[in-house]
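Let us learn to read a protein model one feature at a time.

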Amino acid sequence: MNVNQKPFSDLVHLEQLRHIETKKASELSYASVADMGSHTTRDFSYQQFLNRLTTRAKRLVHDNALTQDIEQPQKLFLRATRVCIIIAAILGVLAVGHAVGESATLNIYWLITVLLGFNFLSILLWILGISFNLQSLRNGVVAQLACWLPYRNKESDSIRALATRAWWETCLTGSIGKWRISTLTHQFWLAYLGAGLTFLILLMMAKQYDFIWGTTLLPDNSLPKLTQFLGTPVEMIGFRSPDTQQIASSRVGSAIHDAEIRSAWAGFLLGMLLVYGLFPRVILLSISLFMLRLAESRY
């Protein structure tokens, strides 16, 4: 038996119609499906049976004008997804604006922590949630809100509510739901980081910033060593990172801030956002999309 020959959307529509017929069969017209004929057991195959179910479902949806009710949940979820992405982009811009502020002198590690800290924490929680199947960890708050919207009328027994409930249970629960919500989570963070990176580039193009660093508790050589360690993959993708002398010249209290040092730190900052922010999210989004397609093909 091979269900891969049918699009996943057809199977979702079948499940939606099953929910509707369970509660509202008496309200539906079956005139066009009464003469579909039957197959003997000898001629039976799973694919033929699935084709007949799909044909029957399309006729019932057409005859009973259920197209809008059937398609509404997915449209609502896509609308909620777009709203979440717009919110993420706004938050990314606000985060950069708050981190940079009005000062012309920026603490490089504080800026990196603000821009990448929550993203890194989110990735760790997502990995833990996927590894141990913990829904509360792998699903972000915004992603859960987007998933709740199509299911908000769960107590109603109207045809639209039944179709919505079936879509929700098919597309947003189990393995399929896990990877669909994961996809939304990574899209949210990509929008956050992408908008923040774009705004940061615009700020650095329009204004001159001096980058500094300092520490109270850590040894004096700890942050320079960390900078060189983190800068290795940054340099591999073509961005500059400050050398030992430039790092030392940027210590809090130093008066040396020439154009070359600023350029090195700016390249290091942008490279950090790409290497440790955007690139991991793109990889995780690709994995989630692949796993979603795989889960749908096995439904």
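Q: What should I know about the model and its numbering before I start?

A: This is a predicted model, in which local features need pLDDT of at least 70 and side-chain atom pairs count only at pLDDT 80 or more, while totals for chains, interfaces and linings use all residues. Residues are numbered from 1 along each chain as its sequence is written, and side-chain values use heavy atoms, with hydrogens and water left out.

Q: How many helices and strands does the protein chain have?

A: Helices (H or I, at least four residues) and strands (E, at least two) are DSSP runs, numbered from the N terminus. Here the protein chain has 11 helices and two strands, and along the sequence they follow the pattern α-α-α-β-α-α-α-α-α-β-α-α-α.

Q: What percentage of the residues in the protein chain is buried?

A: Buried means under 20% relative accessible area, exposed means over 50%, and partly exposed lies in between (1.4 Å probe, protein chains only). Of the 299 residues in the protein chain, 44% are buried. Contact means heavy atoms within 4.5 Å, and among contacts between residues at least 6 apart in sequence, 78% join residues at least 24 apart.

Q: Which residues lie nearest the centre of the largest pocket?

A: Gln74, Phe77, Leu78, Trp167 and Arg180 lie nearest its centre, out of 22 lining residues. Helices H1 (8-24), H3 (67-100), H7 (159-171), H8 (174-206) and H11 (259-297) each give two or more residues to this lining, and H3 gives the most, with seven.

Q: Which residues line the largest cavity?

A: The structure holds one cavity of 30 Å³ or more, and the largest cavity has about 60 Å³ of space. Its lining is made of Gly92, Val96, Leu115, Tyr192, Leu193, Gly196, Leu197 and Leu273, with the largest share, four residues, coming from H8.

Q: Where is Ala65 found, and what is its phi near?

A: Most residues other than glycine have a negative phi, and most peptide bonds are trans. Ala65 is found in the loop between helix H2 (46-63) and H3, and its phi is near 55°, a positive value in a residue other than glycine. Ala65 is exposed, with a relative accessible area of 60%.

Q: Is Ser250 buried or exposed?

A: Ser250 counts as buried because its relative accessibility is 0%. Ser250 is found in the loop between helix H10 (244-249) and H11, and, leaving out residues up to four places away in sequence, Ser250 touches Phe211, Ile212, Trp213, Ile261 and Trp265.

Conventions: On a 1 Å grid over the protein atoms alone, a cavity is a set of points where a 1.4 Å probe fits but cannot get out, and a pocket is an open set with protein on both sides within 12 Å along at least five of seven lines; lining residues have an atom within 4 Å of a point. Grid points are joined across faces, edges and corners, and a volume is the space filled by probe spheres set on the points.
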